[in-house]
Amino acid sequence: MFAQVLSAAPYGIEARLIEVQCDVSPGLPGFAIVGLPEKEVSEARERVRSAIRNAGLSFPQLRITANLAPADLRKEGAGFDLALAVALLVATGQVRPEATADTVFLGELALDGSLRPVRGTLAMALAAHEAGIGRAVVAAPSAAEAALVDGLAVHPVASLGETVGFLRGEHTIPPAPRTVPAEEPPDWIDLSFVRGQEHARRALEIAAAGAHHILMVGPPGAGKSLLAQCLPGILPPLTFDEALEVSRIYSVAGLLPPGRPLLCWRPFRSPHHTVSYAGMVGGGHGIPSPGEITLAHHGVLFLDELPEFDRKVLEALRQPLEERRITVVRAGTSITFPASFMLVGAMNPCPCGHLGDPLRPCRCRPHEVVAYRKRLSGPFLDRVDLFVQVPRLTRDELLADGGGEPSEAVRKRVAAAREVQQRRFAGSTRTNAEIGPREVRRLCRIGPEAKALLSRAVDHFALTGRGYVRTLKVALTIADLAGSATIEPEHVAEALQYRAFPEEATA
Ligand SMILES: Nc1ncnc2c1ncn2[C@@H]1O[C@H](COP(=O)(O)OP(=O)(O)OP(=O)(O)O)[C@@H](O)[C@H]1O
Ligand SMILES: [Mg+2]
């Protein structure tokens, strides 16, 4: 007998519906799976066989052929197990075919018949809903994720036995509620702990307000890493749609924390400088998985000790820094991941770290400084919107009683500036940093005086075309923070302060 049930597979952060077909015919007993399965999928035969027997159901001594369609897509992972088992039970008359109509099955089987969670369940549930499927039978640990999809009835099941009982109508399983748990804000470092560094604090606020890329340069112990860790605390929380997108990425990567199907806070990723190329941009074995730049989508990618990163890894960021997505090609599969992140870099001005400090002479030779700086290419640096110097604290600053303004106050100003941007982009949640080349002229309204100042700066700073546009966008964010509808000279003047690699720190 022949049977067909639906399952799904994640591809990138999207998912595709997969038809699991099963044919049982007389002949030499055997179980074959065709349709471009990878190793884990082929191993499903053993899991399905044991799970069916251990659930007290009968496994036929017949010739079984399962096909995963469409056949030209690579299939990996153990997420097809449940669908394979159900298809086999339908093909052998143990479950009625009508009971599986309009239903997608997602779950990995353990040998005892219990069901385990599956990576990418949220993406697969979304794909099922978009395809017009009304019902999902999902391994219980992943059900809360799938239930986030509005309009899809998600029935959580703990085992194959329970699934069969449900499909036979022996017992009911109510759909999982669509709960969006209120999440406590993570324990970020508060800006009130940071002493001094007024200039850097202001730059961080501008960067947060417009999602601009920022590079902090300064001696060891000045507070660069500390400032970067304060950043998530001044960013507004994710909107629901953004949260769904971020959660989908973490679900595919298998990084959703248990019991937290929806991530509400902006991601903050700080990969170590030894991170591999694939770890940064995405890739790996088999179907490409998301890298750090995608895990930082809608949030922050913090690269501490920037020059220590492999140059090839940094150069790979050039495309996503501008296009806000990355296409990864591996083993014949090409997948585009979103990568709209805010880059925060931190570095010392030279290998010893003290170049430019009047009281602590730099011990580096000129060629060492040049070699250190050369680890960052010109095109990479041209993509940075704000350069900011973070100098050693003065004695007064060190001995002062308290730090500066708390994060809460800064977050309010950032949120107000983001609201201005939302209105500018007609309700979408895009930021000034994302303004495309064709929109710059229309959206960056600049007064004549400010324009004259900016045109003089083109020669003075030897601005590239990209540098010019980036300065204009930063000036727009400064105008937004000031509540000004047009870019005025003082906004351009401030934006220009952040344009060049810190002068004092230049060899
Ligand atoms: N501006 C500051 N306000 C308060 N504490 C500070 C400040 N700067 C440094 N500190 C203290 O010094 C520690 C080290 O600072 P941090 O790691 O931010 O330095 P850094 O600039 O990143 O140095 P490096 O270049 O060596 O990485 C912090 O954890 C904090 O305790
Ligand atoms: Mg540091």
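By class, what residues make up the shell around ligand 1?

Author: Happy to. This is a predicted model, in which local features need pLDDT of at least 70 and side-chain atom pairs count only at pLDDT 80 or more, while totals for chains, interfaces and linings use all residues. Residues are numbered from 1 along each chain as its sequence is written, chains are lettered from A and ligands numbered from 1 in the order written, and side-chain values use heavy atoms, leaving out hydrogens and water.

The shell around ligand 1 is made of seven nonpolar, five polar and three charged residues (Asp, Glu, Lys and Arg are charged; Ala, Val, Leu, Ile, Met, Phe, Trp, Tyr, Cys and Pro nonpolar; the others, including Gly, polar). That makes 15 residues surrounding ligand 1, with Arg-195, Gly-221, Lys-224, Ser-225 and Asn-348 the closest (a heavy atom within 4 Å).

Now the polar contacts (here, pairs of N or O atoms within 3.5 Å). Arg-195 brings a backbone N or O atom to 2.8 Å from a nitrogen atom of ligand 1, and Ala-222 places one of its backbone N or O atoms 3.1 Å from a ligand nitrogen. Asn-348 uses its side chain instead, with an N or O atom 2.9 Å from an oxygen atom of ligand 1. Of the 630 Å² that ligand 1 exposes when taken alone, the protein buries 67% (Shrake-Rupley areas, 1.4 Å probe).

The largest pocket holds about 530 Å³ (the space filled by probe spheres set on the points). Its lining has 23 residues, and Pro-10, Glu-76, Gly-77, Arg-119 and Val-252 lie nearest the centre. Twelve of the lining residues are nonpolar, five polar and six charged. Strand β1 (residues 2–11) contributes the most, namely four residues (strands are DSSP runs of E, at least two residues). Domain 1 (2–167) and domain 2 (191–430) each supply at least three residues to this pocket's lining (bounds from an automatic or database assignment).

Notes: A polar contact is a pair of N or O atoms within 3.5 Å; within protein, one must be able to donate a hydrogen and the other to accept it, and residues adjacent in sequence count only if both atoms are side-chain atoms. On a 1 Å grid over the protein atoms alone, a cavity is a set of points where a 1.4 Å probe fits but cannot get out, and a pocket is an open set with protein on both sides within 12 Å along at least five of seven lines; lining residues have an atom within 4 Å of a point.
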